Amino acid sequence: MFDIKWIRDNPAEFDAGMAKRGLEAQSEKLIALDTDRRDLLTQAQDVQAERNKLSKEIGIAKREGRDASDIMEQVSQSKSKQAELEDLAKAKDSELELALMSLPNIPADDVPEGESEDDNVEVRKWGEIPNLGFEPKEHFDIGERLGQMDFETAAKISGSRFVILSGALARMERALAAYMLDLHTMKHGYTEVNPPALVKDPALYGTGQLPKFSEDLFRTEEGFWMIPTAEVPLTNMVNGDILAEESLPRRYTAMTWCFRSEAGSAGKDTRGMIRQHQFTKVEMVSIVTPEESDAELERMTGCAEAVLQGLKLPYRVITLCTGDMGFTARRTFDIEVWLPGQDQYREISSCSTTGDFQARRMKTRYRKEGEKKPVHVHTLNGSGLAVGRCLVAVLENYQQEDGSVIVPEVLRPYMGGLEVIEPNK
């Protein structure tokens, strides 16, 4: 969300930022709404000032024994007029707020411009693409041959885009999440949180999923929303707060189920675990000062990379272009892991800084030492990692020709020492 005063003072810069997002100029419309709102408030104040004068005349008339009924009628009409003007101002204010909340964040100046993922820029690669010595299979073929990945039964229970894991694969998913949490809490300085998976409207407005992306979410009949990512509850832990500077940075991590309707994804990744309605993800969230924001994004991305390095999974890091970034992002690094079965890199983590975009929506600020006026914090979020996709990557990179799967060394302590997953007999 944006400060309308900043837009009034910098309309050309604001419109240039919207243009990078592929949107037409917005400042004129927004400034007009704000001007109308302020004019209505000024008129309401003028009416009140005039009524104050009339009220004094009533007192004078009564003291002098004159009839004050006409003046009293004017005062009554004045109250109605003021209320009408204030209601109109509130309507303009709501219209302005909705318009501001529906606009995406402005990309950082050095984010590459582009229209789609084809214009993203590779930053670095890590690891060697494995030569398996045989035709690699995709994860769903591997899992079904193991007898521990069941899409058919899941569809019978819940419909498409669900899976049932069992046996060693169920344990491996749990092991991956535990490994990630241990790494982030013990080595990377994050505080583990177990947050609610159901949230109310303000939480999703705060992090930017509402009002624009309601169709991507699941909503209960009681009015709760099922979280699409732990970013929502973790970031909203500071909603409305004024934080002490010495309490920053704050770093949180959580493993949760995530729920997404996958609206608009018909025909994409219809087989397998890449794109599901319910999935497990370990999320990282940071609350920092503006001065720390860029360095924190590099740090967070490195924390996500460390998970893949520990698992010895090859990956690359890319900078998303302006046309491929998420709604709230100011800058985003995606991490894509190599999948031999698909013979391509696929996204497994997205790490973003939102600047003060979410903080303004949440009204979250901090007070600098020695200064009276608080300023907005910066917020960052990143996958550390998507657990299901990490399981996919392990299966495809550690598969063997006989259908078994080697367990990565770092996961063996979490799996009772198991070294190889064999097909069910």
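Are Phe2 and Phe14 buried or exposed? Select both: Phe2 is buried, and Phe14 is buried too. Buried stands for under 20% relative accessible area, exposed for over 50%, and partly exposed for the range in between (1.4 Å probe, protein chains only).

Before moving on, note the basis. The model is predicted: local features need pLDDT of at least 70, side-chain atom pairs count only at pLDDT 80 or more, and totals for chains, interfaces and linings use all residues. Residues are numbered from 1 along each chain as its sequence is written, and side-chain values use heavy atoms, with hydrogens and water left out.

**Stop 1: ring pairs**

Rings of Phe, Tyr and Trp (its six-membered ring) pair if their centres lie within 6.5 Å; planes under 30 degrees apart are stacked, over 60 edge-to-face, the rest tilted. The count comes to eight aromatic pairs. Stay on Phe2 and Phe14: their ring centres are 5.1 Å apart and their planes at 80 degrees, so this pair is edge-to-face. Phe2 sits in the segment before α1 (4-9) and Phe14 in helix α2, 12 residues apart. Helices (H or I, at least four residues) and strands (E, at least two) are DSSP runs, numbered from the N terminus.

Now select Tyr179 and Tyr414. This aromatic pair is edge-to-face, 6.4 Å centre to centre, with 70 degrees between the planes. Tyr179 lies in helix α7 (residues 167-186), Tyr414 in the loop between β17 (405-406) and β18 (420-421), 235 residues apart. Tyr179 is buried at 8% relative accessible area; Tyr414 is partly exposed at 25%.

Next, show Phe2, Trp6, Phe14, Phe213, Phe327 and Phe357. Ring pairs link them into a cluster.

**Stop 2: the second largest pocket**

A pocket is an open set of points on a 1 Å grid over the protein atoms alone, where a 1.4 Å probe fits, with protein on both sides within 12 Å along at least five of seven lines; lining residues have an atom within 4 Å of a point. The second largest pocket has a volume of about 460 Å³, counted as the space filled by probe spheres set on the points. Of its 19 lining residues, Phe2, Trp6, Glu13, Ile106 and Arg330 are closest to the centre. Colour α2 (11-20): the largest share of the lining, four residues, comes from α2.

**Stop 3: strand β10**

Select residues 278-288. Here 10 of the 11 residues are buried, so β10 is largely enclosed by the rest of the structure. Strand β9 (residues 250-259) runs antiparallel to β10, joined by 10 bridges. Trp257 has Thr280 in β10 as its bridge partner. Seven bridges join β10 to antiparallel β16 (residues 378-386). Finish on Ser286, whose bridge partner in β16 is Leu380.

Note on methods
Two strands pair if DSSP finds at least two bridges between them.
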